[in-house]
Amino acid sequence: LYLSAGLGPTSATLDTPVHWRITKSGADGQPMRETRAAAVFEKLEPGSYDIEADVGLAHARQTIDVAADQAVQVRVDLNAGVLKMQARSTTAAPPLTSPAFTVSPAKADAGDAPIWVGRDTQPEILLPAGDYVVTAQNGLARQQTSVTIGAATGTSFNSMLGSGTLELSAT
């Protein structure tokens, strides 16, 4: 069995680590093999297996059949894309060093927790294809935008918060 993954049906094969889980179909759910690698080569007994692949917040599951003395090559399509985020105080300013970013599904209820929260300067995350609401916040300045992530695509969220810093000193 040779396993590889891509973001979409026509995308390149991923060369980043994928969390793979192989379980016997209909079994008690105990993984036969669980590993983290870009590709997996595994010798399996004939039978039906459930293959799961996870990268970032993207997840895919596929059932395959393995025959005796036959090589099986499986490419799992994650149906996911990359979201690149950046926040600046103004258009000409450098990226903010620790803004708070949140990502929520577009159809989430108001009280639902976001699916991703981070404070990196320019984070890049992998998300299942779909519609999301992305928020950038730095102090009291906040911007929220709807974005659509397509399979095997990159989407950018560039926030201009129109904010600044006021420093006071006493003499």
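**Starting at an exposed ring**

Select Phe41 to begin: this residue is exposed, with a relative accessible area of 64%. (Exposed means over 50% relative accessible area, buried under 20%, and partly exposed in between, with a 1.4 Å probe and protein chains only.) Before you go on, note that this is a predicted model, where local features need pLDDT of at least 70, side-chain atom pairs count only at pLDDT 80 or more, and totals for chains, interfaces and linings use all residues. Residues are numbered from 1 along each chain as its sequence is written, and side-chain values use heavy atoms, with hydrogens and water left out.

Rings of Phe, Tyr and Trp (its six-membered ring) pair if their centres lie within 6.5 Å; planes under 30 degrees apart count as stacked, over 60 as edge-to-face and the rest as tilted. By this rule there are 2 aromatic pairs to visit. In one of them, the ring centres of Tyr2 and Phe41 are 4.7 Å apart and the planes sit at 35°, so this pair is tilted. Tyr2 belongs to strand β1 and Phe41 to strand β4, so the pair ties together parts that are 39 residues apart in sequence. (Strands are DSSP runs of E, at least two residues, numbered from the N terminus.)

**The open sheet**

Next, show β4, β1 and β7: these 3 strands form an open sheet in the order β4-β1-β7, with mixed pairing. The edges are β4 (40-41) and β7 (73-77), each with a single partner strand, so one side of each has no neighbour in the sheet. Two strands pair if DSSP finds at least two bridges between them. Zoom in on β1 (residues 2-6), which runs parallel to β7 and is joined to β7 by 5 bridges. Click Ser4 and you'll find Arg75 of β7 opposite.

Where to now? Select Phe101 and Phe157, an edge-to-face pair with 6.4 Å centre to centre and 80° between the planes. Phe101 lies in β9 (residues 100-105) and Phe157 in β14 (residues 154-160), so here the parts tied together are 56 residues apart in sequence. Phe101 is buried at 0% relative accessible area, and Phe157 is buried at 3%.

**Along to the hairpin**

From β9, step across to β12 (residues 130-138): the two run antiparallel, joined by 6 bridges. Thr102 faces Thr135 of β12 here. Then pick β13 (residues 141-149), which pairs with β12 in the antiparallel sense over 9 bridges. Ala136 has Gln143 in β13 as its bridge partner. Finish at the turn: β12 and β13 form a hairpin with 2 residues between them, and Gly139 in the turn has a positive phi of about 65°.

Methods. Helix = DSSP H or I, 4+ residues; strand = E, 2+ residues; numbered from the N terminus.
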